[in-house]
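Subject: Structure for you, with some notes on salt bridges

Hi,

Here is the structure I promised to send over.

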Amino acid sequence: MKNHLFFIALFFTACLCAQDTYLQCGKIVDTQSGKMLSEKTIVVSANKIKSIQDGYVNGTQEDTVIDLKNKVVLPGFIDLHVHIEGESSPTRYIERFTKNEADVAFQSTVYAERTLMAGFTTVRDLGGSGVNIALRKAIEKGIVKGPRIFTAGKAIGTTGGHADPTNGMRNELMGDPGPKEGVVNSPEDAKKAVRQRYKDGADVIKITATGGVMSVAKNGQNPQFTVEEIKAIVETAKDYGMLTAAHAHGDEGMQRAVVGGIKTIEHGTLMSEETMDLMVKHNTFLVPTISAGKAAAKMADIPGFLPPVVAKKAREIGPVSQATFGKAYKKGVPIAFGTDAGVSPHGENGKEFGFMNEVGMPVMEAIQSATVTNASLLGMSNELGQLKEGFFADIVAVNEDPVKNVSTLENVIFVMKNGIVYKQ
């Protein structure tokens with residue numbers, strides 16, 4: 001009798017596991033070719049795309065059918081530059097001293113869910129306290145709703161540089177942070193910092209090659225690493241299979257990062273044509289983060305929102321990012337999609353598509369930058385970034401053709417990640 005009941009239970013479990021989801025799509029975006037395809041059915045089994053069939057297919061009675069016949073369906077978007085732990089606010093600078101790790105962790109879950117609901121099913125988190133590593137694990141286990149995260153853990157900077165966590169503190173609190181805290185001052189320090197990130201569980205390496213806008217330090221653009229230090233970071237990261245990214249506003253620091261072998265330049269605000277040519281030569285990608293530049297400029301105009309030293313930099317650098325991106329795109333610099341959400345609000349990542357389009361990048365190319373391009377940079381080109389058999393079932397939908405109305409990408413109405421529907 002026990003065996004009989006066991007086989008009945010096994011049969012029903014097998015039936016449940018065999019259930020597929022049929023997404024009947026009016027149009028789907030083929031991100032590989034840049035073409036729009038009509039009247040297709042995407043069949044999802046477990047967490048993968050099982051097949052894409054012509055016409056509207058229903059499956060069996062046990063299967064789930066989702067009607068997206070009046071929608072445009074795309075692969076889940078990938079944002080290569082977010083800071084998932086926090087968000088700009090007038091109290092953010094004091095919160096370094098008032099919030100515990102647990103406080104940061106709880107608030108990060110809100111930002112993670114917002115990001116997922118905006119259609120961004122994968123992100124690269126480029127620096128926080130280290131809570132971002134725990135958040136990634138929680139999302140992977142299904143404890144928290146959020147995007148698939150590739151994280152840098154803590155960013156790497158130099159003493160007094162943009163990623164020095166003690167900038168702006170009084171003398172007795174500054175101490176002397178080192179590689180473990182993400183502060184380096186030699187090639188040997190640099191190697192140790194990369195290995196520490198690997199030990200901590202980070203996926204990628206992010207350095208701050210120049211000064212930055214949002215840190216409490218006077219210079220937002222000076223170079224802050226030597227070429228030798230950058231090369232040590234890149235070579236060590238390569239040994240550990242980690243992609244490298246460099247925050248950079250100033251031109252000299254950018255050039256050092258490119259020559260040093262960094263793969264993606266974040267922001268690139270004050271980039272010269274010489275640097276653009278260098279990036280083309282080295283196949284180095286620009287992650288423009290126009291959203292952050294615009295957000296920083298707006299915050300600078302609100303009295304008391306930013307510390308005076310930060311507001312000054314935001315007024316100087318923020319308004320330049322979009323125009324620089326337009327020039328770089330026309331020059332042929334490779335482009336990857338990223339917003340720097342956390343400076344700009346989480347969940348508004350889709351606005352970046354419109355900002356890119358405003359200065360000359362066709363909408364379809366902007367979509368490709370957020371799908372096939374970013375999937376390739378993450379080493380996931382055979383699993384993410386396309387609606388294709390065998391790929392992860394990361395699928396989103398919008399109401400209108402984005403090529404005709406790019407703002408529709410700001411209003412994602414359907415989100416599936418790993419075969420699970422989170423928004424419908």
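A quick definition before anything else: a salt bridge is a side-chain nitrogen of Lys or Arg within 4 Å of a carboxyl oxygen of Asp or Glu. Keep in mind that this is a predicted model.

Let's start with Glu188 and Lys191. They form a salt bridge, with 3.5 Å between the closest N and O atoms, so the pair falls within the 4 Å cut-off. Both sit in helix H6 (residues 187-200), and because they are three residues apart there, about one helical turn separates them. Glu188 is exposed, at 54% relative accessible area, while Lys191 is partly exposed, at 25%.

Salt bridges can also share partners: Arg136, Glu140 and Asp203 are joined into one network that way.

Now for a pair in another setting. Which residue does Arg124 bridge to? The partner is Glu266, and the closest N and O atoms are 2.9 Å apart. This pair links distant parts of the chain: Arg124 belongs to strand E6 (residues 120-125) and Glu266 to strand E12 (residues 264-267), 142 residues apart. Are they buried or exposed? Arg124 counts as buried, because its relative accessibility is 0%, and Glu266 counts as buried at 0% too.

One more to find on your screen: the side chains of Glu95 and Lys99 meet in a salt bridge, at 3.4 Å from N to O. Lys99 is partly exposed, with a relative accessible area of 28%.

Cheers

How values were computed: Residues are numbered from 1 along each chain as its sequence is written. This is a predicted model: local features need pLDDT of at least 70, side-chain atom pairs count only at pLDDT 80 or more; totals for chains, interfaces and linings use all residues. Side-chain values use heavy atoms; hydrogens and water are left out. Buried means under 20% relative accessible area, exposed over 50%, partly exposed in between (1.4 Å probe, protein chains only). Helices (H or I, at least four residues) and strands (E, at least two) are DSSP runs, numbered from the N terminus.
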